[in-house]
Amino acid sequence: MNKWIKVGLIIIPVLMLGACGTTGGVKKQEGAAEQGGAAQTPESATTTGMEPGGGAEATPLPGGGAATGMEGNGAPSDAAGLLSKKVVYFDFDSSTVHDEDRAIIQAHADYLAQHPTVKVTLEGHTDERGSREYNIGLGERRAKAVAEMMKLMGVSADQISTVSYGEERPAALGHDESAWHLNRRVEIVYGGP
Amino acid sequence: MKRICLWCGLACLAAIGSAHAALTIEITQGVEGATPIAVVPFGPVGANLPVDVADVISADLKRSGRFAPVARNDLIARPYEASQVNFRDWRLLKADNLVIGKVTPFGAGYVAQFQLFDVFRGVQLAGYSIRSDAKSLRRTAHQIADMIYETLTGEPGAFATRIAYITVTNGGEGKRRYSLQVADSDGFNPQSVVQSTQPLMSPAWSPDASHLAYVSFENKLPKIFEQDLRTGRRALIASFPGINGAPAWSPDGTHLALVLSKDGNPEIYVMDMGTRRMRRLTNSLGIDTEPSWSPDGRSIIFTSDRGGSPQIYRISARGGRAERLTFEGSYNARASYSADGNSIVMVHGTGNRFQIAVLNLQNRAMQVLTDGPLDESPSFAPNGRIIIYAAEEKNRGVLAEVSVDGRVKQRLSAREGDAREPAWAPLRQ
């Protein structure tokens, strides 16, 4: 009886692997861990969990509500809905803000200048072309270009922080210009880092 | 009954071995004129081993581009002891060399024995027996391939080494999962050493292959960590305001070059890993990044766009004036040295095409090795014969390899998601 149980136990993982193979292997993490266990040498790596991510996302956004809050100021940005636009785009290997995007940055700068306790993070991104660490530099340059513009428009430096993700967090996943132009961007994210 | 049990167990192990090879190798461009070699399945006949040792050896030799293993179906005989070898058989097959061997249980593990013959002279060129614990038979097969490679070419092999790389998979609901993986150089035995929902980048091996430095965006800001691969413990190396990126160990392991933008824009710094004190190496208004040490530790090459477009520069590890090394192409980046220090490999961009190219530092000739269009992150094998890099193929990120002469190409595809940023581990010292 015992022997049959043993055989049963061994056959089960074979069947499961078969299923895995047909569906393309859904549980890669577990598979890798299992394999690691099966072939661990004294110098093998062990898996470490990461510390949980920070709670940077729970900060209030100025979105539509904030825009209506600004109505009394008679800012033209409200009518144009500029505050709801939170992304500006760039040319390849360039950090020059397009003239047509200045109005968006101006609208956010005005809002920030009028709300000095509100903080903003400017996230710089690039398309996938070229090398990754160079793109981190390029993304930072774009974020700083927007930051400098906002400071000139009257926003206090301590309201603004910048971070570059380079090509690591694309907004569009394709591999052609239609995706690339959506990825060369600075996102204006309300809340500190 | 026990026998069935054992057989099932072994079949199960074999199934795990192949089903979980997260990277599969496919030779995409072979080479004419590779040396024919016969690698006979290891004996004894009927032994149920978790690894087909001869198959691992054949695959290694084949992907070096210098050997053409005889197809198993064409093997005339299946000797596994020297006394069973009839050299005439192998001369008929036009195999220059013959490898035979056997694996026998020893304690809790195995002893693998192999012999390498010159078929035409009828003499043994090498013969060793290697002890292997139960879980390391595949690694032992790579070590045998290294010994065969070195005996026949005079150069060290790099099969029993590892690679690190980043994978990105869709975790559902648009959430990406980033993982830093370490695998054997042929993609087997992948193990995740770090997982995160935020980007992981730029894995860099310590010279003794015991630690990885990498960039993690956990808590939404880039930080550099150094992780002990054996224990999984890690230390925070840098988390300054702005960029913390592109770590690169000095060849003696005492220093780490890194990129920080805390003083305004990305500059290269060198950190003493003992005292954690840093000095700044570069000073330009452009982006200075992607440092890589020369094998003698005296100089550092890096990417800079100080001249308008990204190009490769070289500076003394003590600082001073930087010298521009690349003049061909509008975009040259992420360069690193070959082990002999005679050449550097880089991402070479012309127009919309990004390929892997090698610059010979003696005659300054640039040779483009790959076709693009989006090749990146090249890394030399420690013996300098193969370059591993990342490529975009059918909308997926895959790892690929090219022999340093550009003649043999192969792809290591992950079964799901994207694989990127491969870094070939140094030979363990």
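A residue is taken as buried if 20 or more other C-beta atoms, placed from the backbone, lie within 10 Å of its own, as exposed if 12 or fewer do, and as partly exposed in between. The structure is a predicted model, in which local features need pLDDT of at least 70 and side-chain atom pairs count only at pLDDT 80 or more, whereas totals for chains, interfaces and linings use all residues. Residues are numbered from 1 along each chain as its sequence is written, and chains are lettered from A and ligands numbered from 1 in the order in which they are written.

Of the 193 residues of chain A, 36% are buried. Chain A contains seven helices and four strands (DSSP runs of H or I with at least four residues and of E with at least two, respectively, numbered from the N terminus), arranged along the sequence as α-α-α-α-β-α-β-α-β-α-β. With contact defined as C-beta atoms, placed from the backbone, within 7 Å, residues 24 or more positions apart supply 70% of the contacts in chain A that have a separation of 6 or more.

Chain B comprises domain 1 (21-153) and domain 2 (162-424), with bounds from an automatic or database domain assignment, and the C-alpha centres of these domains of chain B are 34 Å apart. In chain B, an open antiparallel sheet of four strands has the order S18-S19-S20-S21, pairing being assigned where DSSP finds at least two bridges between two strands. Strands S18 (288-293) and S21 (323-324) of chain B each have a single partner strand and stand at the edges, so one side of each lacks a neighbour in the sheet. S21(B) is joined to the antiparallel strand S20 (residues 311-316) of chain B by two bridges, and B:Tyr313 has B:Arg324 as its bridge partner in S21(B).

How values were computed
Contact = placed C-beta atoms within 7 Å.
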